[in-house]
Amino acid sequence: MTTSKDINSVDYFMTRGMPEPNSGCWLWTGGALTNGYGVLNRNRRRIYAHRYAWMLFRAAIPDGMWVLHKCDTPPCVNPDHMFI
C-alpha cells in the first residue's frame, strides 16, 4: 500500500508518468478529472499532477501563477513541456 509520504518521491511520481515516445509527453496514469487533467492528493489536498510535476522537478509556483502546457496535452506531466 502506498502512503502519502511516498508521493513526495520522484521515483513514485514517475511510476504514474508513462513516457509517450512520439510526443515526448509523460502521460499521467493516476487519477484524472473529466477534463483530462491528472490529479493526486498531497497533504490531504487535491492538486493537479502537472502542477505537482513542476514543483517536484523545477521550483515552487509563485502565488497566482499558472503552469501551462506547451504541448496542449492535459495529462502530460513532463516539466519540459510546461511553463509558468
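I began with Y37, which is partly exposed at a relative accessible area of 26% (buried is under 20%, exposed over 50%, partly exposed in between, with a 1.4 Å probe and protein chains only). This is a predicted model, where local features need pLDDT of at least 70, side-chain atom pairs count only at pLDDT 80 or more, and totals for chains, interfaces and linings use all residues. Residues are numbered from 1 along each chain as its sequence is written, and side-chain values use heavy atoms, leaving out hydrogens and water.

Next I looked up ring pairs. Rings of Phe, Tyr and Trp (its six-membered ring) pair if their centres lie within 6.5 Å; planes under 30 degrees apart are stacked, over 60 edge-to-face, the rest tilted. By this rule I found 5 aromatic pairs. In one of them, the ring centres of F13 and Y52 are 5.8 Å apart with planes at 45°, so the pair is tilted. F13 is in helix 1 (residues 10-14) and Y52 in helix 2, 39 residues apart (helices are DSSP runs of H or I with at least four residues, strands are E runs of at least two, numbered from the N terminus). Both F13 and Y52 are buried.

I then came back to Y37, which forms an edge-to-face pair with Y48: 5.6 Å centre to centre, 75° between the planes. Y37 sits in the loop between strand 2 (26-28) and strand 3 (39-42), and Y48 in strand 4 (residues 45-48), so the pair ties together parts 11 residues apart in sequence. Y48 is partly exposed too, with a relative accessible area of 32%.

Finally, I checked W66: it lies in the loop between helix 2 (49-57) and strand 5 (68-69) and is exposed at 63% relative accessibility.
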